[in-house]
Amino acid sequence: MIRLFDFFFSLLGLLFGFPVLLALMVIGFFDTGSPVFCQERVGRNKRAFTLVKFRTMKKDTASVASHLASANAITPFGRFLRRTKLDELPQLWNVLKGEMSLVGPRPCLFNQEELIAEREQRGVLAARPGITGLAQINDIDMSTPQLLAETDQKMLESLTTKGYFTYIIQTVLGKGKGDRIR
């Protein structure tokens with residue numbers, strides 16, 4: 001049932017959000033010269049997939065977890081995108097393709113070995129990664145791997161249709177600040 005919701009809402013989001021996506025791409029082009037950011041992430045069952053986001057950092061920024069990146073790397077427009085969570089919109093494409101869900105554990109990088117081990121131990125990697133979830137609305141990010149994996153496990157074990165919509169609504173309404181930047 002969740003996959004059906006994912007497909008339906010991501011398709012609607014891409015169709016009706018197209019003018020917004022286009023406007024953000026144009027502004028992003030002037031901000032960084034390359035508005036879309038693609039990065040290999042850990043997917044379901046540890047399979048690699050290419051995550052698509054709007055670029056919020058300068059093009060030459062090292063490919064590290066957000067909490068390890070310098071705050072100076074974030075562009076002014078990137079701050080706006082992060083604060084409003086609009087940088088996540090292109091991930092609707094990943095959801096539509098079935099690589100992600102709207103709700104699930106945030107996909108990490110393959111070099112985040114501690115988080116991968118914690119998630120593997122708790123069975124979290126058996127689920128599709130998501131755009132939002134319990135950790136995100138509670139400001140738990142990848143800088144605390146054990147807490148994040150525990151929170152992801154708790155969410156997955158108790159996820160209901162009501163919870164699915166609750167996480168989405170809370171995210172849209174602005175609950176959660178996103179990943180910390182040093």
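Helices here are DSSP runs of at least four residues, numbered from the N terminus. The model is predicted. In it, Lys 85 lies in the loop between helix H3 (76-84) and helix H4 (91-97). Lys 85 is not a glycine, yet its phi is positive, at about 65°.

A positive phi of about 65° also occurs at Lys 46, again not a glycine. Lys 46 is found in the loop that runs between strand E1 (36-42) and strand E2 (48-54). The relative accessible area of Lys 46 is 36%. Lys 46 is therefore partly exposed, since this class lies between the buried limit of 20% and the exposed limit of 50%.

Met 100 also has a loop position, between H4 and strand E3 (101-103). Its relative accessibility is 0%. Met 100 therefore counts as buried, because the buried class covers values under 20%.

Ile 27 has a helical position, in H2 (residues 18-32). Its relative accessible area is 42%, so Ile 27 is partly exposed. Gln 170 is 143 residues from Ile 27 along the chain. The C-alpha atoms of Ile 27 and Gln 170 are separated by 27 Å.

Note on methods:
Residues are numbered from 1 along each chain as its sequence is written. This is a predicted model: local features need pLDDT of at least 70, side-chain atom pairs count only at pLDDT 80 or more; totals for chains, interfaces and linings use all residues. Side-chain values use heavy atoms; hydrogens and water are left out. Helices (H or I, at least four residues) and strands (E, at least two) are DSSP runs, numbered from the N terminus. Buried means under 20% relative accessible area, exposed over 50%, partly exposed in between (1.4 Å probe, protein chains only).
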